[in-house]
Amino acid sequence: MLISLAWKNVWRNRTRSLTVIAAVTVGVFAGVFAMAAINSSIVQRIDSAVNEELSHIQINNRQFRSSSDIRNFISEPDSVISVLQRTSGVADFTGRIIVRGIASTSTGSAGVEISGIDAEKERTMFTLSQRLIPGTGSYFGSDTKLNSAFIGEKLARELYIIRYILTPEVLESLAGKDVPASVIEKLRPLEGVRFTTEKKFSDACSGLLSAKENRKYGLKLREAAWSYREGSRIILSFLDINGDQTGAAFRICGIYRTNNDYFEAMSLFVPDNQLRTLTGMQEGQYHRFIVKLENSNLTDKVTPVIRESLPELEVLNWKEIQVDLAMIADYVNQIYGIFMALILAALAFGIVNTMLMSVLERTRELGMLSAIGMNHRRIFMMIMLESIFLSIVGGFAGMAVSGVVIGITGHTGINLVKYSEGLEAMGYSAHLYPTIGADFFLMLTVLIVLTGILSSIYPARKALQLNPVEALRGE
Amino acid sequence: MKVVEINDVHKIYHDTEVEVRAINGVTLSFDRGDFAVIVGPSGSGKTTLLNLIGGLDQPSGGEIIVAGHRLSELRPSELIDFRMEHVGFVFQSYNLIPVLTAEENVGFIMNLQHWPKEKLKARTDGLLDAVGLADRHKSRPSQLSGGQQQRVAVARALAPQPEFILADEPTANLDSKSADTLLDIMEKLNRDEEMTFIFSTHDPRVMKRARRVITLEDGRVTSDVRTDQKE
């Protein structure tokens with residue numbers, strides 16, 4: 001009965017209640033959506049780190065990470081393989097040969113980390129092969145006698161392998177991408193001109209287009225003019241197992257694009273047998289084993305097991321390699337909680353105000369309730385329930401709106417391309433796909449109910465302080 | 001059988017350094033089935049006396065015993081329970097709960113007392129019939145006239161089967177016809193159920209129907225006349 005009475009009381013002053021509910025709805029939506037966007041960014045970053053860059057666990061010779069000396073390979077790979085094969089939770093693993101070297105073309109050079117990989121195995125274990133930019137190759141797929149290399153877009157730019165050209169075909173294709181004919185005509189002077197960097201191309205376009213046109217069509221122009229000649233070559237130079245300078249020409253078998261500029265610029269992949277031949281390393285010798293687990297939640301459980309079994313080697317999981325990311329991942333729930341608690345605390349003041357008005361308007365009625373036998377506990381409960389209803393209705397509405405918006409944007413994505421340079425430099429995607437776990441909504445529900453309870457205390461105390469005789473005497 | 005005993009009760013208010021003796025040595029008792037009115041000029045202490053009898057206020061001196069309970073010995077929380085169990089209140093301004101229907105208002109106290117649903121429904125239906133509102137069960141107070149609201153208030157007061165009903169100026173806001181209807185209902189309930197009614201009023205219509213008229217002046221009982229004995 002109290003529940004029903006409290007619910008009806010909430011709707012006595014419909015406008016006032018709806019105003020508070022709307023405020024709670026907007027506040028909760030803003031908080032949840034912001035959390036979902038931040039969360040998506042972290043989830044995507046962790047996913048990239050685990051599936052493209054680091055894997056769950058890495059096993060190295062203890063000196064390898066600090067010195068990167070080619071001779072610091074794992075001396076007893078068979079024992080590693082044996083341990084990994086019998087460790088439960090390990091889904092798959094593979095070995096890599098890793099050397100530091102220089103990649104160069106006729107126009108540029110850059111320091112790189114060259115990983116010799118079992119391409120077929122890594123295709124099944126990781127998703128980097130899916131990051132291949134269409135039209136740039138086939139991820140070690142083409143049958144060629146030449147050495148082949150899979151490189152990042154950022155490195156390709158640094159080596160001037162990627163160029164920007166507005167060919168007649170490209171200019172024609174712009175019409176199909178909603179670029180007006182007037183803009184295409186303005187760009188005619190650039191037809192056939194090769195630009196070695198994106199900046200030079202953008203500057204040239206800016207000189208011909210208005211600022212508004214440049215803002216509106218700049219990205220489409222850059223994407224259309226992006227040009228790569230399949231099968232371009234680069235020279236890789238590095239030291240062999242004897243410490244002698246060596247190297248070879250490699251044909252680019254594909255360019256990958258990730259959200260991590262640093263990784264793209266530094267990480268270059270070649271087949272392990274080719275690198276083994278060039279470095280003089282023996283069959284079965286590896287610098288690193290990378291281990292994929294059945295799921296990420298096993299990371300903290302499996303790492304110590306492997307570490308204990310291989311005490312002479314360095315065993316690190318992704319959290320230990322990327323400490324900052326691990327910290328964010330670990331504390332993200334607490335951060336969510338604090339963030340939402342702050343939003344709800346602000347909303348609580350609105351609820352307190354509304355409930356206080358409601359109590360003061362009902363002085364005579366509350367006096368009557370006390371007179372006819374409604375005790376303090378019940379009056380307190382009634383006010384508390386009213387307050388909880390206000391919070392819950394607004395909170396659930398906010399969560400429902402958030403759910404819908406997250407559902408839509410989680411599918412379509414949020415384009416932050418304007419900030420892509422900064423975000424990708426830190427390894428975060430410029431395209432967010434908001435997502436948030438059910439546990440967050442559970443935590444939020446608890447926080448909302450708590451907000452309702454806390455917001456009711458002051459108004460309820462006011463109601464209890466009423467003397468029934470005085471309350472009945474006048475409003 | 002005595003329902004209420006009031007022995008040398010005093011009520012003193014200390015208002016802005018002035019001592020106001022609202023009730024000054026009242027000794028009275030009410031029997032089961034009384035239909036009594038307390039009359040007197042404004043400020044004579046009628047409402048104060050009603051509040052003391054109903055356990056809404058505590059006397060400054062003297063003793064009030066209701067249904068065997070010494071009210072001065074009850075803690076505030078016990079007084080609330082006492083009111084719920086033993087006293088029915090009818091207020092001048094009806095004081096129904098505006099968001100509840102007529103039947104919900106009548107059943108409100110029974111709900112607080114956890115009456116079984118079916119018994120509660122039967123009692124509510126019976127009372128609404130008795131006060132002539134059989135067809136207004138689902139009406140909210142705002143959909144009822146003043147007289148109808150006061151009848152709902154009477155039904156609510158009677159619902160938990162209290163020892164007596166305290167009615168403070170119950171007809172003050174009603175027109176003659178509504179007042180007569182209400183008094184007819186109260187008289188009938190008094191006669192049929194032997195329910196004790198204690199009114200405070202200025203209304204001659206109520207005084208005319210009362211079987212006992214107690215006059216208060218300056219917080220003292222100046223007369224206590226049983227009109228049925230008079231006849």
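# Exercises on a predicted two-chain model

The largest nonpolar core contains 112 residues, and those with the most contacts inside it are B:I53, B:V154, B:A155, B:L158, B:I165, B:L166 and B:I198. The model is predicted, so local features are given only at pLDDT of at least 70 and side-chain atom pairs only at pLDDT 80 or more, while totals for chains, interfaces and linings use all residues. Residues are numbered from 1 along each chain as its sequence is written, and chains are lettered from A and ligands numbered from 1 in the order in which they are written.

## Exercise 1: the nonpolar cores

Solution. 
Step 1. A nonpolar core is a set of buried Ala, Val, Leu, Ile, Met, Phe, Trp, Tyr and Cys residues joined through C-beta atoms within 7 Å. A residue is buried if 20 or more other C-beta atoms lie within 10 Å of its own, exposed if 12 or fewer, and partly exposed in between, with C-beta atoms placed from the backbone.
Step 2. Helices (H or I, at least four residues) and strands (E, at least two) are DSSP runs, numbered from the N terminus.
Step 3. A second, separate core has 54 residues, including A:I57, A:Y256, A:A265 and A:I290.
Step 4. In soluble globular proteins, nonpolar side chains tend to be buried together.

## Exercise 2: the dimensions of chain A

Task: Compare the radius of gyration of chain A with the value for a compact globule of 475 residues, and describe the domains of chain A.

Solution. 
Step 1. The radius of gyration is taken over C-alpha atoms, and the globule rule is 2.2 Å times the number of residues to the power 0.38. The rule puts a compact globule of 475 residues near 23 Å, but chain A has 31 Å.
Step 2. Along the principal axes, the C-alpha atoms of chain A fill a box of roughly 100 × 70 × 30 Å.
Step 3. Chain A is divided into domain 1 (2-48 + 325-473), domain 2 (55-160 + 230-321) and domain 3 (162-228), with bounds from an automatic or database domain assignment. The centres of domain 1 and domain 2 of chain A, taken over C-alpha atoms, are separated by 48 Å.
Step 4. Chain A has 20 helices and 14 strands, and buried residues make up 41% of its 475 residues.

## Exercise 3: strand pairing

Task: Give the strand order of the open sheet in chain B, and determine the sense in which strand 9 of chain A pairs with strand 4 and with strand 8.

Solution. 
Step 1. Two strands pair if DSSP finds at least two bridges between them. The 6 strands of the open sheet in chain B follow the order 6-7-8-3-9-10, with mixed pairing. Strand 6 (87-90) and strand 10 (220-226) of chain B are the edge strands, each pairing on one side only.
Step 2. Strand 7 (residues 164-168) and strand 8 (residues 196-200) of chain B pair in the parallel sense over 5 bridges; B:I165 has B:F197 in strand 8 as its bridge partner.
Step 3. Strand 4 (residues 147-152) of chain A pairs with strand 9 (residues 245-256) of chain A in the parallel sense over 6 bridges, and A:F150 has A:G254 as its bridge partner.
Step 4. Strand 8 (residues 233-239) and strand 9 of chain A pair in the antiparallel sense over 7 bridges, with A:L236 opposite A:A248. Their hairpin has 5 residues between the strands, and A:G243 takes a positive phi near 85 degrees there.
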